[in-house]
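Please examine the sequence and the three-dimensional structure shown below. The explanation after them moves from the overall fold to individual residues.

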Amino acid sequence: MPESAFDAAYWMQRYATGQDQWDAGRVTEPLRAYFAQLGPPDARRILIPGAGRAYEAEFLHRAGWPQVFVADFAAEPLRALQQRVPDFPAAHLLEADFFTLEGPFDLIIEQTFFCALAPALRPAYARKVAELLRPGGKLVGLLFDGPVGPGDGPPFGGTREEYRALFAPYFDFLHFEAARNSIKPRQGRELFISLRRKPVSRA
Ligand SMILES: C[S@@+](CC[C@H](N)C(=O)[O-])C[C@H]1O[C@@H](n2cnc3c(N)ncnc32)[C@H](O)[C@@H]1O
């Protein structure tokens with residue numbers, strides 16, 4: 001498991017002291033719009049890693065999706081989801097390090113998790129999402145489009161070129177464009193991505 005200064009204790013401390021500025025308090029519009037076009041609920045296994053308070057999981061669960069999993073190594077936000085949505089399946093709350101998760105999943109949702117990781121972990125993130133997805137499965141969500149903040153702590157921004165190089169070995173790029181419906185503080189600063197896991201080669 002890769003080591004990072006931004007470990008569970010770091011994030012627990014941020015939740016405990018209310019330093020959770022990333023928390024939108026609701027499902028964000030780009031993801032709500034994406035979910036709306038998924039069609040009726042089915043058995044697809046959906047993972048939201050680094051989920052925080054997981055409003056997206058709440059939205060999908062209330063819409064009838066039965067196989068939604070949230071993972072976060074901080075306990076507080078998972079408890080918050082459980083309190084808001086008491087019938088969310090306890091077995092789908094994964095209090096675990098992302099890098100230890102096991103698949104397979106059909107869809108992984110990204111929002112302010114990639115940017116929360118130390119940049120040195122990005123190649124491991126790309127490998128791990130690829131490992132967790134079935135061939136044909138998708139990584140869908142939002143990445144910052146350019147630099148963010150001073151760079152000495154999360155969130156860490158990035159460039160399209162960097163993202164292309166990271167994900168191209170494992171994914172076909174179905175959508176990779178500026179998001180048009182970001183929440184206000186992120187307007188003009190996000191890419192909406194939809195990347196499809198390539199078939200695993202058996203060379
Ligand atoms: C910036 S917050 C974003 C939370 C959520 N995605 C949102 O949009 O509100 C990053 C989250 O990732 C979690 N996290 C960071 N590194 C993790 C790891 N290696 N495994 C699991 N969770 C992790 C933190 O505990 C935190 O809840």
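The model is a predicted one. Its chain contains six helices and seven strands. Read from the N terminus, these elements follow the order α-α-β-α-β-α-β-β-α-β-α-β-β. The chain has a radius of gyration of 16 Å, close to the 17 Å that the globule rule gives for 203 residues, so it is as compact as a globular protein of that length. Along the principal axes, the C-alpha trace spans about 45 × 40 × 35 Å. Among contacts with a separation of 6 or more, 68% join residues 24 or more positions apart in the chain.

The interior may be considered next. Of the 203 residues in the chain, 35% are buried. In soluble globular proteins, nonpolar side chains tend to be buried together. Here the largest nonpolar core has 48 residues, of which Ile46, Leu47, Ala57, Val70, Ile108 and Val129 touch the most other members. Strand 5, residues 133-144, gives the most to this core, with six residues. Which residues does Ile108 touch, not counting those up to four places away in sequence? They are Leu47, Pro49, Val129, Leu132, Leu133 and Leu139.

Val129 also belongs to helix 5, which covers residues 122-132 and in which Tyr125, Ala126, Val129, Ala130 and Leu132 are buried. An α-helix has 3.6 residues a turn, so residues three or four places apart point the same way. The buried residues of helix 5 are covered by elements including strand 1 (46-49), strand 4, strand 5, helix 6 (160-167) and strand 7 (190-197).

Attention now turns to the ligand. It is surrounded by 20 residues, and the closest are Trp11, Gly50, Gly52, Ala74 and Phe98. By class, this shell has twelve nonpolar, four polar and four charged residues.

Phe98 deserves a separate description. This residue lies in the loop between strand 3 (93-94) and strand 4 (105-110). Is Phe98 buried or exposed? A residue is counted as buried if 20 or more other C-beta atoms lie within 10 Å of its own. Phe98 has 23 other C-beta atoms within 10 Å, and it is therefore buried. Leaving aside residues up to four places away in sequence, Phe98 touches Pro49, Gly50, Ala71 and Lys128. Gly50, one of these contacts, is also among the residues closest to the ligand.

Terms used: Residues numbered from 1 in each chain as written. Predicted model: local features only at pLDDT ≥ 70, side-chain atom pairs only at ≥ 80, totals over all residues. Near = placed C-beta within 6 Å. Nonpolar A, V, L, I, M, F, W, Y, C, P; charged D, E, K, R; others polar. Helix = DSSP H or I, 4+ residues; strand = E, 2+ residues; numbered from the N terminus. Rg over C-alpha atoms; globule rule 2.2 N^0.38 Å. Buried ≥ 20, exposed ≤ 12 C-beta atoms within 10 Å, placed from the backbone. Contact = placed C-beta atoms within 7 Å. Core = buried A, V, L, I, M, F, W, Y, C linked by C-beta atoms within 7 Å.
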